[in-house]
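The sequence and structure come before the details.

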Amino acid sequence: MRILVISAQELFRQSTQAACLRYGESLVSVRLSESVGQGLELAEQFQAEVVFLDLTRSVEAGMLAIEQLAASRIQRLVIASIDKASIDLMTRAVRAGAREFIAQPVQDDDVHAVLRKARQVLVPALADPGVRGKIYVVFSSKGGVGKTTLACNLSVLLAQRSGVGRVAMVDANTQAPNVAPMLDLQPERWLRDAVEQYRRLDGDMLRQFMTPHESGALVLAHSSENPLGLDFEEDQLGKILLVAKGHFDHVIVDTFPVLSSLNLAVMDLADEILLVTEPVVPALRSARHNLQVLKQAGYGPERIQLVINRFSRFRGNVPIDLVSETLDWPVHAVLPYDMHATIAANNGQPVVTMFPESIVAKGIGELLDRLTGQSDVEPTPPMSLRDRLLRLLRGY
Ligand SMILES: Nc1ncnc2c1ncn2[C@@H]1O[C@H](COP(=O)(O)OP(=O)(O)OP(=O)(O)O)[C@@H](O)[C@H]1O
Ligand SMILES: [Mg+2]
């Protein structure tokens, strides 16, 4: 029996997995996912027959996930759970397609009862794995490190590579949004519109709220002049991202620099988190704290890609190996300091199109290659001016 456990809580994942492994009546294979987004993808790839879905962190996104999981062509039993269950929530989960509800903390007996039922109702069935997009969240709890620059330029490059309408960019910087000006867009519809309509939102409606960029990317823009309503909750954004994931190949999300429950919920849906920092002490201290918190929440190096931005080599600057050592995390990419990034931003242009030959544009291209699996070359710090001069002088 193929079993998938989706939960942001390590305890839930571990105790459910352990209970499944202690089930002696049939052979089980268990996969774990710490996020709903990753879990939906894994459910299709792994053709999960039984899915335990913990709604504790994010009810709305979880309900939508139950619907998607239960509607799959794969014959499947979805079991919901939440730390504080109520009749209302249980009814909604069942209406969405859950077949059972188990209490927390998870008990072996409950899990075994579910697995016994699954054995009775499931007949072996195979179907094509579904195809879904990937969510990349660009995050740092330190302001001004280059999140929006990276998010915009990645979106533009991805759109150029994948074609029109296949890349979505969501400005989830709820407090100081900057994507529209950075891409010189004049949106007429906003994130607020999607939030207001989130219960009815589907792919077609989402596209109506997005503004096309000339690269082919579609942008769900936000502006502080169009504030999100008072009833705005993280689940609404979660649903928007899941709808985007179901309709685009790539979804890039820009964020506000704070380690909030909103950002944690957004990161929980991410397939990849790009944690951006700079090789200067305050930014590194902040990155270190982010990594500690995210690690405790169960995120590992396969999920969080550390990006060092605005790197330049001069005496007194922190070298990359020291950055990696200090943060105790592998460095995924190093983007050089390059004034072309600022000139492009001041012109409302992505640096990858305005200055495609610049060192920062090339660095972003390499980062994207690694992210999309087109290259497995280790990141190398950009060459310093001194190194470049030496190379020119020595002719190698
Ligand atoms: N590699 C780079 N080299 C030089 N300048 C850069 C580089 N990356 C970003 N910048 C510049 O740094 C400034 C801040 O970048 P950006 O707005 O992307 O940061 P942010 O992390 O999104 O900020 P906030 O936290 O305020 O949203 C911009 O002026 C941008 O042009
Ligand atoms: Mg920003």
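Predicted model: local features only at pLDDT ≥ 70, side-chain atom pairs only at ≥ 80, totals over all residues.

Asp328 counts as exposed because 11 other C-beta atoms lie within 10 Å, and a residue with 12 or fewer falls in that class. Asp328 sits in the loop between α13 (320–327) and β13 (331–336). Its phi is near 55°, a positive value in a residue other than glycine.

Asp184 also has a positive phi, of about 55°, although it is not a glycine. This residue lies in the loop between α7 (179–182) and α8 (191–196). With 12 C-beta neighbours inside 10 Å, Asp184 counts as exposed.

Most residues other than glycine have a negative phi, and most peptide bonds are trans. Pro105 belongs to the loop between β5 (100–102) and α5 (108–121).

The remaining points concern strand β6. Five of the six residues of β6 (residues 134–139) are buried, so the strand is largely enclosed by the rest of the structure. The table lists its pairings with β10 and β11.

| Partner of β6 | Sense | Bridges | Example of bridge partners |
|---|---|---|---|
| β10 (residues 250–255) | parallel | five | Tyr136 and Ile252 |
| β11 (residues 272–277) | parallel | four | Val137 and Ile273 |

Notes: Residues numbered from 1 in each chain as written. Chains lettered and ligands numbered in written order. Helix = DSSP H or I, 4+ residues; strand = E, 2+ residues; numbered from the N terminus. Buried ≥ 20, exposed ≤ 12 C-beta atoms within 10 Å, placed from the backbone. Pairing = 2+ DSSP bridges.
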